[in-house]
Amino acid sequence: MANRLIYIKGGSRGKGSAAQRMKDQLQKRYGLPMAIAMVVGIVIGSGVFFKAETVLKATGGDVLTGILAWAIVGVVMMICAYTFSIMASRYEKVNGVVDYAEVMVGPRYGYYMGWFMTFIYQPAITSVLAWVSARYTCVLLGWDITGGACMTIAAFYLIGSYAVNTLSPIIGGKLQVSTAVIKLVPLAAMAVIGTVSGLVNGTLAENFAVTAGTAAGSGTGLFTSVVAVAFAYEGWIIATSINAELRDAKKNLPRALIFGSLIVVVVYILYYIGLASVVPSSVLMQSGEQSARLAFSQVFGSVAGTLLFVFVIISCLGTLNGLMIGSIRGLYSLSARGEGPKPEVFISLDHKTNMPANSAVVGLLICMAWLAYFFGANLDSVRWFGAFSFDSSELPIITLYAAYIPVFIRMIKKEKDLPFFKRVLMPVLGILSCLFMVAAAIIGHGMAVAYYLAIFAVIMLAGVLFEKKKKSITFFLDQRRLPDIRKPSLIKE
């Protein structure tokens with residue numbers, strides 16, 4: 001093994017040379033620009049293109065209701081991001097959200113949060129992003145978006161993203177920064193030029209005059225849109241997975257979460273208005289996966305529109321890259337706590353790349369499994385899983401919002417030295433936001449939520465086996481690297 005490991009009770013620490021400690025430690029390789037780029041790069045990507053058509057259909061073409069859905073989820077994201085930024089300014093360890101769950105609620109809750117992130121949330125979302133990237137590639141090439149070619153490209157994108165981030169994490173970081181800039185180009189172009197064009201030709205006024213359909217009028221359309229939009233906004237929390245590799249993380253991570261979230265909300269709303277300014281809503285709803293390309297071609301012409309659509313594909317790949325950064329660290333985060341399967345194996349770091357290679361391999365395999373599920377549950381004409389075929393791009397996100405609630409509650413009780421605004425007001429707003437997202441999922445998806453929760457329960461029960469296996473070990477530390485998170489004095493300013 002790359003590291004010599006010990007199990008320690010009571011938080012005592014082993015000895016090791018300073019050289020070995022530096023050799024085995026996750027390096028502080030990223031700065032504030034990378035952190036902001038990761039928030040923007042993970043969040044902005046496929047969702048704003050992929051889910052815009054879903055919102056239009058759910059609202060019956062009602063642009064105002066669609067904008068309201070984008071705004072509501074944007075506010076929810078900013079509230080939660082700010083609340084987590086408060087925790088990020090006080091605690092730093094291995095994997096952001098898991099650390100905060102452990103510090104606030106307890107080691108067992110932190111473990112199950114880590115298990116959920118590793119085996120459900122991160123790989124499910126990452127696999128969907130691989131398919132969406134392949135989907136738009138196939139649209140560009142004129143291929144079927146549900147056939148074998150599309151799934152092959154999706155698998156290739158998954159493996160390619162894994163390879164870049166595992167074999168050369170510095171390149172992966174630079175790719176994240178560059179794609180974050182590139183993906184803003186088509187969004188900004190549509191937001192500005194599309195809106196001006198729509199004001200001139202009257203399309204924007206025409207689309208705003210469309211009233212909501214029956215579903216939207218009953219409220220279902222808004223809630224369905226909110227859950228769909230949640231996918232477009234999701235991923236920001238994964239940026240906290242690099243806090244152990246971020247320089248001056250207690251200052252830079254909160255800044256990245258706040259500024260990155262604000263950029264995303266503004267860009268999304270302006271893009272949606274620009275999209276509604278170009279093509280009549282009825283046409284966009286009928287165009288399906290072609291709607292984004294149609295809109296760009298309508299404004300910028302065939303050649304320029306195709307070029308900007310290539311930027312859309314790059315945008316999706318940038319989001320996939322950011323999600324993969326979090327996915328390959330999942331088992332490492334569990335192993336750093338002495339939990340999960342074979343922690344002595346998955347804590348291992350490759351001394352050439354300083355990356356958790358074993359964790360990365362399994363992370364890729366889990367993503368591939370969820371990609372196969374997504375195809376069988378949502379794309380194949382014969383649903384492989386019957387009633388258990390749910391949209392894995394949306395429901396795992398709602399589970400995560402539910403998981404935030406105990407963390408926010410404990411924050412109110414525990415962080416007594418914080419002022420009222422940070423300790424009470426923002427966590428309470430966070431709790432209300434999370435409850436709203438859960439209610440929106442139940443209203444929007446109905447019984448699919450129950451079938452998803454059944455699969456969720458099975459996967460989480462599998463985690464119980466490994467949690468009990470390590471129950472006699474009070475804590476697990478890499479003897480040369482990790483502080484005991486149970487001692488706030490070691491990690492709290």
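For the wording here, buried means under 20% relative accessible area, exposed means over 50%, and partly exposed is in between, with a 1.4 Å probe and protein chains only. Arg247 sits in the loop between helix H13 (220-233) and H14. Its C-alpha is 7.7 Å from that of Leu32, and those two are 215 residues apart along the chain.

Quick word on what we're looking at. This is a predicted model, where local features need pLDDT of at least 70 and side-chain atom pairs count only at pLDDT 80 or more, while totals for chains, interfaces and linings use all residues. Residues are numbered from 1 along each chain as its sequence is written, and side-chain values use heavy atoms, with hydrogens and water left out.

So, the overall picture. The protein has 23 helices and two strands; helices (H or I, at least four residues) and strands (E, at least two) are DSSP runs, numbered from the N terminus. Of the 493 residues in the protein, 58% are buried. Take the contacts with a separation of 6 or more: 82% of them join residues 24 or more positions apart. Contact, by the way, means heavy atoms within 4.5 Å.

Now the core. The largest nonpolar core has 139 residues, and Trp236 and Tyr404 touch the most other members. A nonpolar core here is a set of buried Ala, Val, Leu, Ile, Met, Phe, Trp, Tyr and Cys residues joined through side-chain atoms within 4.5 Å. Which helix gives the largest share of this core? That's H7, with 20 residues. As for Tyr404, leaving aside residues up to four places away in sequence, it touches Cys80, Phe84, Val97, Glu234, Trp236, Ile237 and Cys434.

H5 and helix H20 (residues 395-414) pack at about 45 degrees, with axes 12 Å apart. Axes are lines fitted to C-alpha atoms, for helices over the stretch in contact, and angles run from 0 to 180 degrees between N-to-C directions. That angle makes H5 oblique to H20. The scheme is: under 35 degrees is roughly parallel, over 145 roughly antiparallel, 65 to 115 roughly perpendicular, and the rest oblique. The crossing of H5 and H20 is left-handed, meaning that the near helix is turned anticlockwise from the far one by less than a right angle; clockwise would be right-handed. On the H5 side the contact uses Val76, Met77, Cys80, Thr83, Phe84, Ile86 and Met87, and on the H20 side Tyr401, Tyr404, Val407, Phe408 and Met411. By class, that's eleven nonpolar, one polar and no charged. For those classes, Ala, Val, Leu, Ile, Met, Phe, Trp, Tyr, Cys and Pro count as nonpolar, Asp, Glu, Lys and Arg as charged, and the others, Gly among them, as polar.

While we're on H5 (residues 63-88), Thr65 is in that helix too. Thr65 counts as buried at 15% relative accessibility, and beyond residues up to four places away in sequence, Thr65 touches Thr59 and Leu222.

Next pair: helix H7 (residues 107-141) with helix H8 (residues 148-167). They pack at about 125 degrees, with axes 8 Å apart, and are therefore oblique to each other. This crossing of H7 and H8 is right-handed. The contact includes Ala130, Trp131 and Arg135 of H7, and Tyr157 and Leu158 of H8 among others. The class count for H7 with H8 is ten nonpolar, three polar and one charged.

Thr319 lies in helix H16 (residues 291-327) and is buried, at 3% relative accessibility.

Last pair: helix H10 (residues 184-201) and helix H14 (residues 249-276). Their axes come within 7 Å and cross at roughly 50 degrees, which makes H10 oblique to H14. H10 passes H14 in a left-handed crossing. Among the contact residues are Leu187, Met190 and Gly194 of H10, plus Val267, Tyr271 and Gly274 of H14.

Lys342 has phi near 45 degrees, a positive value in a residue other than glycine. Most residues other than glycine have a negative phi. Lys342 is in the loop between helix H17 (330-335) and helix H18 (343-346), and is partly exposed at 47% relative accessible area.
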